[in-house]
Amino acid sequence: MQPLIDNARTFGQRPEEFARLAQGQSPEVLFITCSDSRVVPALITGARPGQLFELRTAGNIVPPYTSDLPTGEAATIEYAVEVLRVRDVVVCGHSHCGAVGALVRGDDLDAVPAVRDWLAHAAGEPPAADPGDPTVAEAVQSHVLAQLLRLRSYPCVERRLADGRLRLRGWYYEVHTGAVREHRADTDAFEAL
């Protein structure tokens, strides 16, 4: 923890770098990804403060939209789309994902009921994969596509897609190599950016 504290102490010693941020934000991208500490959106994209609006959830899960029981995730998506007017939404899954791995393996999650119940929002079981493959690549990529489909059910997303003011993108980040792949509709495959 001490290195993090040391950096935090010196971080604010360059106020001129941050003064413009007080005027507001206008990110062009909502970046939805996993809470995993190895996935750092600004590091992956090279984004500076103010360029990405982030939503991080265990397993980069987009929960079902329901107007009668709003969630923090739904509020974040709606705010990004309706208020900030982001132009792109990226759902970024990653290799070695513990959440997707647990679904693929059928892990007993009774000891962590909140995790178990959250993963129930995964939009279906990922396809059968080799449980011995620690990357769970195929399952994660399928999971990313399921979350993109789920996003389309959000009224604000549906409207902005219909009028051409929003694009949805599916990314897959390899923790062990740093490579990023994007889903291409024409080939139905994740390919290098």
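In this predicted model, Cys97 is in contact with Cys34, Gly59, Val136 and Val140, leaving aside its neighbours within four places in sequence. Cys97 lies in the loop between β3 (88-94) and α5 (98-105). With a relative accessible area of 3%, Cys97 is buried.

**The annotated site**

The UniProt annotation "binding site", taken from an unreviewed entry, covers Cys97 together with Cys34, Asp36 and His94. These residues span 64 residues in sequence, yet no two of their C-alpha atoms are more than 9.0 Å apart, so they gather at one spot.

**Thr33 in strand β1**

Thr33 lies in strand β1 and counts as buried, at 0% relative accessibility. Its side chain reaches the backbone oxygen of Cys92 at 2.8 Å. Cys92 is also one of the residues that Thr33 touches beyond four places in sequence; the others are Val39, Pro41, Leu55, Arg56, Thr57 and Asn60.

The relative accessibilities of individual residues are collected below.

| Residue | Relative accessible area | Class |
|---|---|---|
| Thr33 | 0% | buried |
| Cys97 | 3% | buried |
| Phe18 | 22% | partly exposed |
| Phe11 | 41% | partly exposed |

In soluble globular proteins, nonpolar side chains tend to be buried together. Here the largest nonpolar core has 38 residues, and those with the most contacts inside it are Leu30, Ile32, Ile77, Leu151 and Val157. Helix α7 (residues 137-151) gives the most to this core, contributing 6 residues. Ile77 is in contact with Leu30, Ile32, Leu151 and Val157, and also with Leu55, Val62, Tyr154 and Cys156, when its neighbours within four places in sequence are left aside. Another core, of 10 residues, lies apart from the largest one and includes Val29, Phe31, Leu52 and Val180.

**Helix α8**

Which residues of helix α8 (residues 155-162) are buried? They are Cys156, Val157 and Arg160. Seen down the axis of α8, these buried residues fall within an arc of 95 degrees, so they line one face of the helix. They pack against α4 (72-83), α7 and β4 (167-173). Two of them, Cys156 and Val157, are among the contacts of Ile77. The face of α8 turned away from the buried side carries the exposed residues Glu158 and Ala162. Following α8 is Gly164, whose phi is positive, near 75 degrees.

**Aromatic pairs**

The count of aromatic pairs comes to 4. In one of them, the rings of Phe11 and Phe18 have their centres 5.0 Å apart and their planes at 50 degrees, so the pair is tilted. Phe11 counts as partly exposed, at 41% relative accessibility, and Phe18 is likewise partly exposed, at 22%.

Conventions:
Residues numbered from 1 in each chain as written. Predicted model: local features only at pLDDT ≥ 70, side-chain atom pairs only at ≥ 80, totals over all residues. Heavy atoms only, no water. UniProt positions renumbered as here; feature names shortened; annotations may be inferred. Helix = DSSP H or I, 4+ residues; strand = E, 2+ residues; numbered from the N terminus. Buried < 20%, exposed > 50% of the residue type's maximum accessible area, 1.4 Å probe, protein only. Contact = heavy atoms within 4.5 Å. Polar contact = N/O pair within 3.5 Å; in protein donor to acceptor, adjacent residues only side chain to side chain. Core = buried A, V, L, I, M, F, W, Y, C linked by side-chain atoms within 4.5 Å. Arc of directions from axis to C-beta. Phe/Tyr/Trp six-rings, centres within 6.5 Å; stacked < 30°, edge-to-face > 60°.
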